[in-house]
Amino acid sequence: MQDNIFKVNEKEYILPGSRACQGCGLSIAYRFILKALRENTIVSIPPSCLCVLHGLYPSTSVIVPAINSAFASNGASASGLVAALKALNRPDMTVLALSGDGGTYDIGIQSLSGAAERNTDFIFACYDNEAYMNTGTQRSGSTPLGAVTTTTPVLTKQEHKKDFIRIMEAHNIPYIATVSPAFPIDLYDKFVKADRIKGTRYIHIDTPCPPGWGYPTKDTVKIGKMAVETCMFPLLEIEDGKLRLTGRSKTLAEKGKKPPIIEYVERQMRFRKMSIEQLNQLQAWVDRRWDDLVRRAGD
Amino acid sequence: MSDVRIITGNEAAALAVTLCEPQVLAAYPITPQTKIAELLSEYTEKGILKAEYVRVESEHSALSVLIAASTAGARTFTATCSNGLLYMHEQLHWAAGSRLPIVMCCVNRGVGAPWSIFNDQQDAMSQRDTGWIQLYCRDNQEIIDTVIQAYRIAEEVYVPVMVCYDGFILSHTMMPVEVPKGEEVKGFLPPYRPHTFLDPERPCTINPVFFPWRRENAEGVLCDGYMEMRRKLQNGLERAKGVIAETSREYAERFGRDCGGLIWTHRTEDAEFIMTGMGSIAAETTLAADLLREEGVRAGVVGIRSYRPFPKEALAQAMGGAKLIMVLEKCLSYGYEGGVASDLKAALYGTGVDAPVVGVIAGLGGRDVRIDDMLTAARESLEGLKSGQCGNRTLWLNCHGEE
């Protein structure tokens, strides 16, 4: 298949007409993930929006082999695929476990941690839309402070989201990266790179969600860009413990200035009940993490 | 020359698994299963068994690993029991619903709370409705023979098989066991033929969401809905009855040992009093039957080897002459009675066998089940039958406390 000027694989692996919502951030990310990993890929899917995107029996919108797993078990399911492919002598295959934030931060953390501790030879990618979106926006361990969800409807979420990158770093795996569908070439390049590395590779995908976050469907890329711009979601890579910022985040670090998160927050209905105090707490949380990342990237 | 070794039930299981050459193993340690996990680790590390062994972080993950590996086309094995089996519960349904021929040993143990590491069969009985075949072993020889047969059965009907044997009573007790030769097992057990492939040339999404109704695919062919898929699983288990019996028969022909297929019998030809149960407790009742025969009671035993599928036709036939039936079982459906007693009564309904069925709850959490206690329960029930006092009731064997 011909590549274009961005050296992006032109073949499409998601057929027109999937069951994802209009403006779905996951659809954009998944399109470029599959382009990067190409044909010899098996995807393991827990219950999540991805399960819906793949379609309802007997139709599917995706032309790579995929296996659905139980909610808690995507890391283990992928471990089983990796073990079987090794036993059956298929070294040419890439195993991708693609979970939502619930299937990563919450119910899925045990099997992911086990697989990473064993340095299982696979890519685990978390598409983080910051709540249980497939069941209608319930709070998860990834929901940011101050967000309204259907299980934090009055008081909003009272806690910060888990710093999952640090959790994965503690597993000493060879490759960790963050990506955003608003920067698809950066996403593509990181998946291509991850595919060439052995062992457990963890990629975290910021995944704007129009119905869950409360913004117009046309603004998914804009919201994704603002998440990176305000350093809510920095783009980075950690290879063998060495952290570096990439793309727009690298430029922001060099400039030494970043816009306040209010520009990102005020565009999303999920933050409509956020207090000034919460906004300041969230800004402080973002600043602390960002300063830490910039310092580490400079070391 | 035959290879006879004096080994524990767990060693027998590990040897049988090795002979079946699974390609992917995953297990999490739990007493009294642990020795299987240890031995299979040793065999794979030494290269005696060429398999990928995934040392998982939980039983839920153990079965998740096997579900994916089996879907990808590998022969698989795990073992667990008790709370470990309960923790797997979700995945038991998933494995059966996926029609994967996974084989698992369940080294039967009581479940918490309160904690017990000792034997009863509440763990496996609590998984009755997950769609797995459940086969129970009498002794260590049957463990080795049943594991080998389990792969053949599972891969014939595409239903996972749980090989159940009593914790400590069999798992940690040494008995002489004849170990079949590798090439003989190969001759009996053909290679695994997966029903689906995860093949980039033929991409598909396995186990997506199903609608309640049937739907057409892109070619306009009407495809199954959820309910049709579930009916096919039921058909698979019904078909398994014949396959279990036939596999057992062929195994007996090749290896000279007969596990009995769905059930086994002891002195039932003219029996009026029949005791029944599963696993080692059923094997023990044969001693009680022999002693009752000395007292002039025409006693016999029907052992249930296959609990699911439940062999209702075979049981009705074997118990045709019974005037009284006593079920000894190490489990209970709380708020009702022992599960085997319930199932047996339902199986006999309308068959013309109208003997009273006395349920006996015995050996929970490893409580000793003595022949004397069995005989006392049997004699009391037989007296009750004479005086017309014996209905369908449940006794607790060797247990203190209120009736």
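**Exercise 1.** Work out why the radius of gyration of chain A agrees with a compact globule.

*Solution.* Start with the chain length: chain A has 299 residues. A compact globule with 299 residues would have a radius of gyration near 19 Å. Now look at chain A in this predicted model: its value is 18 Å, so the two agree. For the outline, the C-alpha atoms fill a box of roughly 55 × 45 × 40 Å along the principal axes.

**Exercise 2.** Find which parts of chain A touch chain B.

*Solution.* First, the head count: chain A puts 38 residues into the contact, and chain B puts in 39. On the chain A side, β1 (41-45), β2 (66-68), α3 (74-87) and α5 (109-117) each supply at least two residues. The top contributor there is α3(A), with 10 residues. Sorted by class, that side of chain A has 20 nonpolar, 16 polar and 2 charged residues.

**Exercise 3.** Track down how β2(A) is joined to a strand of chain B.

*Solution.* The strand to look for is β9 of chain B, residues 205-206. Between β2(A) and β9(B) there are 2 bridges, and the strands run parallel.

Methods: Residues numbered from 1 in each chain as written. Chains lettered and ligands numbered in written order. Predicted model: local features only at pLDDT ≥ 70, side-chain atom pairs only at ≥ 80, totals over all residues. Rg over C-alpha atoms; globule rule 2.2 N^0.38 Å. Contact = placed C-beta atoms within 7 Å. Helix = DSSP H or I, 4+ residues; strand = E, 2+ residues; numbered from the N terminus. Nonpolar A, V, L, I, M, F, W, Y, C, P; charged D, E, K, R; others polar. Pairing = 2+ DSSP bridges.
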